[in-house]
Amino acid sequence: MIYFDNAATTFPKPQKVIFEAEKAITVYGGNPGRGGHKMAMRVSEKIYEVRKKVAKFFNAEPQNVSFTLNCTMSLNTAIKGIVRKNDHVIISSLEHNSVIRPVHKLSLTKNVTYDVIEPVIGDDMKTVEAFEEKINPNTRAIITTHASNVTGVVMPIKKLGELCRKRNLIFIVDGAQSAGVLKIDMKENNIDILCLPGHKGLYGITGSGIMIVNNDNLGIDSLIEGGTGSASAEVMMPDFQPDRFEAGTVNTAGILSIGAGIDFINGMSISEIYRHEFDLCSYVYNKLRRIKNVKLYIDDFKYGKNLPIIGFNIGNANSDSVVSELNRYGFALRGGLHCSPLAHRFYGTLDSGMARFAPSIFSKRSECEKFINCIELLGKNIG
Amino acid sequence: MSLNKRKMILVNSITYAYKARDFLNEKGIKVYIERVPASMRINGCGYGLRVNNDAEVIAEILEDAGIKVRKIINL
């Protein structure tokens with residue numbers, strides 16, 4: 001199988017990640033932050049080391065790094081934790097369901113209102129202006145993906161961060177697709193809350209996520225309450241991070257795998273990873289453009305403006321049937337709506353969905369050539 | 001230094017204990033992270049920094065660095 005579904009989860013994982021995840025079971029078997037014996041302390045220290053790595057990677061403080069079970073949990077915690085009754089929030093039209101669903105639920109339960117902004121592709125200033133136009137006195141936050149998980153289009157988070165700072169809004173960024181591929185500096189981009197999966201570009205295992213809150217004054221409510229190993233005689237959750245957002249035993253294997261994944265990325269440099277994946281996508285994009293019957297949804301593939309993701313269709317075929325055919329030929333891609341109906345509405349593909357090509361650092365040019373040969377074949381037979 | 005002169009600096013959580021330890025280590029101050037003895041807990045389970053001397057000075061250094069000290073206890 002040639003795996004091009006790395007936007008869903010990266011595969012394969014670096015050997016070091018596998019080794020560390022295994023060590024979580026065989027070596028670091030204690031419960032972190034829950035006892036004083038050697039095994040508990042050893043794993044607690046190991047987890048703190050990963051907290052430091054994550055903090056350094058995104059330019060934050062270690063105690064502001066909370067480990068969650070996935071990016072969706074991070075986004076739910078962030079959104080539901082800061083949005084109050086009658087607040088207004090602004091999101092982009094490229095959001096995943098992990099943003100629109102919690103926001104929409106708040107509109108039902110807390111009378112929250114929201115606007116969905118369509119980005120002006122290729123014109124960051126106009127995109128930012130469109131967000132600014134919707135700010136009203138009740139606006140609490142701007143919530144945006146860093147990059148579309150459907151087409152890889154990168155949002156102007158630096159400019160949006162400046163807008164949030166200027167207008168005193170909370171800035172929440174969903175880094176699900178970009179983390180580990182594009183550099184994200186929380187301070188430079190004025191990001192208040194950054195939500196991340198561990199298992200995509202950070203090369204950790206599934207069931208791991210991160211929420212980084214780079215602002216001590218947000219007063220974010222907890223999403224889940226329970227044991228934290230701290231202040232345990234109190235009935236209220238601790239008011240300090242990360243304990244406030246880490247109720248229950250954490251996923252040691254997931255956390256250790258994230259640490260190993262970051263080591264792997266740092267061992268190469270993030271720009272080297274992006275360059276490799278971008279070059280593969282550029283090659284595939286330019287080949288796809290020339291194949292009759294293939295539909296693409298971005299006009300150009302630009303360095304820094306596009307993540308290594310290409311959404312496409314063949315003729316009028318439904319994307320699920322396209323990826324099903326590709327599966328028969330030994331290629332793993334995802335079709336459908338990618339849990340991002342807003343984005344598919346924006347691109348006019350709510351009915352067909354898109355097939356999504358997403359390589360990783362482990363993908364090879366020869367695999368892309370085989371993929372193109374297969375698409376040429378399917379292009380003649382489908383649609 | 002006899003054992004009964006040792007003190008423990010209580011901080012918010014184990015994460016802050018590690019942050020404090022790293023910060024102090026960079027300054028050449030050796031401390032040890034331990035679970036707070038049951039009889040000396042403030043509001044349930046917690047961790048602290050065991051120090052052999054100068055607990056008050058060390059606590060002040062931590063406060064200056066933005067690391068909240070909850071209490072200093074005699075072990």
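Predicted model: local features only at pLDDT ≥ 70, side-chain atom pairs only at ≥ 80, totals over all residues.
In strand 3 of chain B, Leu49(B) is the bridge partner of Ile9(B).

- Strand 1 (residues 7-11) of chain B and strand 3 (residues 47-51) of chain B are joined by four bridges and pair in the antiparallel sense.
- Helix 1 (residues 14-26) of chain B packs on the sheet, where it touches strand 1, strand 2 and strand 3 of chain B, and the direction of helix 1 makes about 30° with that of strand 3 of chain B.
- The sheet is an open one of four strands in chain B, with the order 2-3-1-4 and antiparallel pairing.
- Strand 2 (32-35) and strand 4 (69-74) of chain B are the edge strands, each of them pairing on one side only.
- On average, and with direction ignored, neighbouring strands of this sheet are turned by 30° against each other.

- Strand 8 (residues 209-213) of chain A is mostly covered, since five of its five residues are buried.
- Gly209(A), Met211(A) and Val213(A) point one way from strand 8 of chain A, while Ile210(A) and Ile212(A) point the other way, and all are buried.
- Strand 2 (residues 65-68) of chain A pairs with strand 8 of chain A in the antiparallel sense over four bridges, and within this strand 8 the bridge partner of Val65(A) is Ile212(A).
- Strand 7 (residues 193-197) of chain A also runs antiparallel to strand 8 of chain A, to which five bridges join it, and here Leu196(A) has Ile210(A) as its bridge partner.

**Helix 2 and helix 7 of chain A**

- Helix 2 (residues 38-58) and helix 7 (residues 252-268) of chain A pack at an angle of about 45°, and their axes lie 9 Å apart.
- The crossing of helix 2 and helix 7 of chain A is left-handed.
- From helix 2 of chain A, the residues in contact include Val43(A), Ile47(A), Val50(A), Val54(A) and Phe57(A), together with Lys46(A) and Lys53(A), and among those they meet in helix 7 of chain A are Ile255(A), Leu256(A), Gly259(A), Ile262(A) and Asp263(A).
- By class, this contact of helix 2 with helix 7 of chain A has 10 nonpolar, three polar and three charged residues.

Note on methods. Residues numbered from 1 in each chain as written. Chains lettered and ligands numbered in written order. Heavy atoms only, no water. Axes fitted to C-alpha atoms, helices over the stretch in contact; angles between N-to-C directions. Helix = DSSP H or I, 4+ residues; strand = E, 2+ residues; numbered from the N terminus. Left-handed = near helix turned anticlockwise from the far one by under 90°. Contact = heavy atoms within 4.5 Å. Nonpolar A, V, L, I, M, F, W, Y, C, P; charged D, E, K, R; others polar. Buried < 20%, exposed > 50% of the residue type's maximum accessible area, 1.4 Å probe, protein only. Pairing = 2+ DSSP bridges.
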